[in-house]
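Here is a briefing on the structure shown below.

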Amino acid sequence: MSGVRIPSDDLVVGRPLPHESAALHVTGAALYTDDLVARMPGALHAHPVQAPHAHALVRHLDVTPALAVPGVVRVLTGADVPGVGDAGVKGDEPLFPTEVMFHGQAVCWVLGETLEAARLGALAVEVAYEPLPAVVTVREAIEAQSYQGGMPRLERGDVESAFAGAAHVYSGVTECAGQEHFYLETHCSLAHVDESRQVVVQSSTQHPSETQEIVAHVLGVPSHAVTVQCLRMGGGFGGKEMQPHGLAAVAALGATLTGRPVRLRLSRAQDMSMTGKRHGFHTRWRVAFDDDGHLLALDATLTSDGGWSLDLSEPVMTRALCHVDNAYWIPAVRVNGRIARTHKTSQTAFRGFGGPQGMLVIEDVLGRCAPRLGLDPAELRRRNFYREGQATPYGQVVRHPDRAVTCWEQVLETGEVARRLEEVARFNATHEHTKRAIATTPVKFGIAFNFTAFNQGGALVHVYKDGSVLVNHGGTEMGQGLHTKMLQVAATALGVPLDLVRLAPTRTDKVPNTSATAASSGADLNGGAVLDACIQILDRLRPVAAGLLGCAARDVVVYDGRVSASGGPEDASLTWAELVSAAYVQRVQLFAAGFHRTEGLHWDSSTMQGSPFKYFSYGAAAAEVEVDGFTGAHRVLRVDIVHDVGDSLSPLVDVGQVEGAFVQGAGWLTLEDLRWDETDGPQRGRLTTGSASTYKLPSLSELPDDFRVALLERAHEDGAVYGSKAVGEPPLMLAFSVREALRQAAAAFGPEGVAVDLASPATPEAIFWAVEQARGGGVPPGLEAVVEGAPGVVPDQPGASAPPVVPASEELVPAPGLGV
């Protein structure tokens, strides 16, 4: 640490501390953006005028009737925008559209003295629409060739030769649904203009700097005229990385035009109908194995449901392609990516950022092919793990692949999987209508932004004359514990007790040009910046301490608020406050701006090659489930997880993140079923699962009866903050173990070795049809069978190959009314 030595035992980092705002959360004292409106008298309330069509032209817009509604102050339209009327970084998201692109899109906003006045005003606005044909599903988009953005291809090896020489070739289709973020705090912005004409926006945003940029270009002012603050968020999960920008711009525009604060908070129904979700994916694939079950080749085309605009769909697709291998070595790979344009909300970032959708492909392939190869699914997975020296399809060498093996073996051992498998076999033999299964799946997840420039972070650390410390950094807190970790990093780096350190809210006028708190990189980037600032301050304090203690600067030790000389007499020491006071008198700078850039990264998006990730996080999970053969309902009986977080900065926070991510992943894979109206009626394109009553979320009743999480030990990561690793996203994919266990439990209703296909999400209906397939009833509806046969391609993308269509001879079980 630049010459300042700190004892390695009992550091503040590594302590299992509670979340820094935990007491505020559980007592209701924690403030969120909407709570601040009480501090702004005279605030106006914004309400959208939402279009009732999925695709239409706005032929006429008359706001005059709204202005006659008591309490309505103003109606914001495109004519009011002084700058650029677009809320997207790609320039494809008009703030006040003249062409409606999804059901519920806002065409204008009403400002009222009360929310009720604004709502009534919105009802009074007269809009004439000309409905247009709408593309609602990914399959419709594929048929209509409705795509947007780039079409990347990731390729390695001679794919066709691998297929030609393979002992086994299978093909099929894998589809997965999107997912609603359903953060407890919906999108919210509160804007006002201060006496210097600076626009100040309180926003529930994961990316304050980009929110600042969008607000500034909508208002036609430079960025220094706009300050964005994020106090904290009541959940983000990626949904507040891009989507808050336009809402903040509307609030700021209203505040600028009226001279009064403007509050914009979406109701739950508005939030669900207006903002983006996890991308659903449709993947057509073929795969080759040798006689020993080793993967030889994968050829796939992944099509994501991008919604009406690009948003983050391109980098989401890139990460999906980069994670289609998960933890497995595949010698020959050709995977194509396409982004469908549909008339739905613009789908966006969600925990995992395309990684889960890509990894689901290979996990589904292995789960469906294992019985056909005559192999246990766990054994098929294990024998295809990466080994030392092997590289990913995009050319990055996989470091520490042995950690995946260690996680796997530890889960099997501590979870007593071998013994419990025998118990499961005995249970299944004596229960005709209820079956159990245990499945184990791995995770390998790359950490960093694929776009190299985003891998930077900043911080500002102040040490006051009394020795207290204030930390500002560019990351945002959404409940994930980032601020807790930053407090621990600063206290450890400076060698002071934790209670001497306070953390200030994230503001663009304190730390500029920040990257989004996303890609699981918040602690890496901002922790590195905080550490850098603290090291600068300690470097300045060393000579001061050395002069007072009569020792060499390199022998100064700062620990737990005491400053002493290494090897010196115990009574020869100073307090931290005494050192800081002496430094002030000597005119030593007691604040520093820290900066961190992740080294060693490079990525060529044109060739899809490089080393985009700082490191890989590993993990493994074993899940035991029970399935009811009559209804398809299931219970998760037990889950064992071992996850690699390096040397944990804050173990209690990290364990909480693993648990939460796993449950959220299980919700995506088994419960959360987004549905849009696909009929040709007037409500086509409307989200039909737009509330908690129709969209099923995981709750306490869906938690595993027995849930055991362990962090991998002896997993220090060189070059990272105190040897730590990211934790936010990777554990979500551990939930694949639940889905694969459900597949195996459904198969247990049939003869030994039967293969079944399982829809995603694996709702009770989907599980029921999988059970029926195991009993001899064919393939579940909405799925295409895995078939073994000769390789072939279908030119369904210009310049690219795709796996063959499943032959028509493969019958699908009809299921009227059951969607995909």
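**Structure briefing**

The structure holds 51 salt bridges. The model is predicted. The protein chain is divided into two domains: domain 1 spans 8-28 + 456-597, and domain 2 spans 134-384 + 790-820.

**Salt bridges**

- Aspartate 364 pairs with arginine 368 in a salt bridge, and their closest N and O atoms are 2.8 Å apart.
- Both residues sit in helix α10 (residues 355-373), and because aspartate 364 and arginine 368 are four residues apart there, about one helical turn separates them.
- Aspartate 364 and arginine 368 are both buried.
- A salt bridge also links the side chains of glutamate 740 and arginine 743, at 3.0 Å from N to O.
- Helix α18 (residues 736-747) carries this pair; glutamate 740 and arginine 743 are three residues apart, so they are separated by about one helical turn.
- An α-helix has 3.6 residues a turn, so residues three or four places apart point the same way.
- Glutamate 740 is buried, as is arginine 743.
- Salt bridges with shared partners join Glu363, Asp364, Arg368, Arg381, Arg739, Glu740, Arg743 and Asp757 into one network.
- Aspartate 80 and arginine 74 meet through their side chains in a salt bridge of 3.1 Å, N to O.
- Aspartate 80 counts as buried because its relative accessibility is 17%, under the 20% cut-off.
- Arginine 74 has 27% relative accessibility, so arginine 74 counts as partly exposed.

**Domain 1 against domain 2**

- The C-alpha centres of domain 1 and domain 2 are 38 Å apart.
- Contact between them involves 19 residues of domain 1 and 18 residues of domain 2.
- The size of an interface is often given as the accessible area lost when the parts come together.
- Between domain 1 and domain 2, the buried area is about 1,500 Å², and carbon and sulfur atoms give 49% of that area.
- Met478, Arg507 and Thr508 supply 36% of the area that domain 1 buries against domain 2, more than any other three residues.
- Zero salt bridges are counted between domain 1 and domain 2.
- Polar contacts do cross the interface of domain 1 and domain 2: the rule finds 11 residue pairs.
- On the side of domain 1 that touches domain 2, the elements giving two or more residues are α1 (22-27) and β21 (506-507).
- The residues on that side of domain 1 divide into six nonpolar, 10 polar and three charged.

**Helix α9**

- Helix α9 covers residues 313-322, and eight of its 10 residues are buried, so α9 is largely enclosed by the rest of the structure.
- The buried residues in α9 are Ser313, Val316, Met317, Thr318, Arg319, Ala320, Leu321 and Cys322.

**Phenylalanine 445**

- Phenylalanine 445 is part of strand β17 (residues 434-447).
- Its relative accessible area is 0%, so phenylalanine 445 is buried.
- Leaving out residues up to four places away in sequence, phenylalanine 445 touches Arg319, His323, Gly352, Gly355, Met359, Tyr615, Phe616, Ser617, Glu729, Pro730 and Met733.
- Among these, Arg319 is also one of the buried residues of α9.
- Phenylalanine 445 and glutamate 363 are 82 residues apart in sequence, and their C-alpha atoms are 14 Å apart in space.
- Glu363 belongs to the salt-bridge network described above.

**Histidine 47**

- Strand β1 (residues 44-50) contains histidine 47.
- Histidine 47 counts as buried because its relative accessibility is 14%.
- Its side chain makes a polar contact with the side chain of glutamine 270, at 3.2 Å.
- Histidine 47 touches Cys108, Trp109, Val110, Leu115, Ala118, Arg119, Ala122 and Gln270, with residues up to four places away in sequence not counted.

**Glycine 85**

- Glycine 85 lies in a loop, between β3 (72-76) and β4 (99-100).
- With a relative accessible area of 34%, glycine 85 is partly exposed.
- Glycine 85 touches Glu93, Pro94 and Leu95, not counting residues up to four places away in sequence.
- Glycine 85 and valine 215 are 130 residues apart in sequence, yet 10.0 Å apart in space from C-alpha to C-alpha.

Notes: Residues numbered from 1 in each chain as written. Predicted model: local features only at pLDDT ≥ 70, side-chain atom pairs only at ≥ 80, totals over all residues. Heavy atoms only, no water. Domains from an automatic or database assignment. Contact = heavy atoms within 4.5 Å. Buried area = accessible area lost by both parts, 1.4 Å probe. Salt bridge = Lys/Arg side-chain N within 4 Å of Asp/Glu carboxyl O. Polar contact = N/O pair within 3.5 Å; in protein donor to acceptor, adjacent residues only side chain to side chain. Nonpolar A, V, L, I, M, F, W, Y, C, P; charged D, E, K, R; others polar. Buried < 20%, exposed > 50% of the residue type's maximum accessible area, 1.4 Å probe, protein only.
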